[in-house]
Amino acid sequence: MGEPRGEWRTCVTCGDAFLPEDHACPTCGDARAVTPMGLPSMPRRERYRFRLLRSFRMVIIVAAIVGVSYVLVTAIWSGPPTYADPLTTKASYAIPAGTFAYLSGAVTGEDYIVGNYSVVSPSSDAVGFAVYNTTEFIHFVHGTAATAEWQVTPVNAGRIVWAAPYTDTFYLVWQSPYAAGSHVDLTIYATTNYMSNVVLG
């Protein structure tokens, strides 16, 4: 049989553990160590300091465990992070004569956008509304022929109920029907909501 292994010891300076075969603390390098059996024989001041050090290390360990547990529990409790969809909004838009305002965002096929809009100023005027996919919006911006996925002739107030026929980035566009030289600048207020077509069981 081999020789019995030595006892584990604890560094009196930093409180870290010694392997039985070590001659110095692996953390601070101090060679002074004590075994559980040797603790009562330490000078009273050193024994008090050693116990205080061990208590402090224990507090740190417990605090770390509690902190990690709190983070894990709150993460599980709150679920995955949620982000507001860019097509779910409530806002006012200024539309100078001859220009437009828009919202854009990715829409999954068969999901839909609902909402409403109205001209706030001048209150009796009208605004046009259309939905374009990415390609057609580029045509629209450059003033070339563009085909809308859905379009509403200029009205004073309108309602939005539109389902995406396929997945893409879509643009909700409010356009002034007045020529740039008319100086009829519009202010509209719009509310939009992205509605998923997926029914959760």
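I started with phenylalanine 100, which counts as partly exposed because its relative accessibility is 28%. This is a predicted model, so I checked confidence before going on. The protein chain averages a pLDDT of 85, and 92% of the residues score at least 70.

Next, the rings. I got a count of 15 aromatic pairs. I picked phenylalanine 100 with phenylalanine 140: the ring centres are 4.9 Å apart and the planes sit at 65 degrees, so I noted the pair as edge-to-face. Phenylalanine 100 is in strand β5 (residues 100-107) and phenylalanine 140 in helix α2 (residues 134-141), so this pair ties together parts 40 residues apart in sequence. Is phenylalanine 140 buried or exposed? It counts as buried, because its relative accessibility is 13%.

Then I turned to a sheet. This one is open, with four strands paired antiparallel in the order β4-β11-β6-β9. Which strands are at the edges? They are β4 (89-95) and β9 (157-163), each pairing on one side only. From one strand to the next, the twist averages 20 degrees.

Last, I looked at one pairing within that sheet. Strands β6 (residues 112-121) and β11 (residues 186-195) run antiparallel and are joined by nine bridges. I looked up tyrosine 117 and found alanine 190 of β11 standing opposite.

Definitions and conventions
Residues numbered from 1 in each chain as written. Predicted model: local features only at pLDDT ≥ 70, side-chain atom pairs only at ≥ 80, totals over all residues. Heavy atoms only, no water. Pairing = 2+ DSSP bridges. Helix = DSSP H or I, 4+ residues; strand = E, 2+ residues; numbered from the N terminus. Axes fitted to C-alpha atoms, helices over the stretch in contact; angles between N-to-C directions. pLDDT = per-residue confidence, 0-100. Phe/Tyr/Trp six-rings, centres within 6.5 Å; stacked < 30°, edge-to-face > 60°. Buried < 20%, exposed > 50% of the residue type's maximum accessible area, 1.4 Å probe, protein only.
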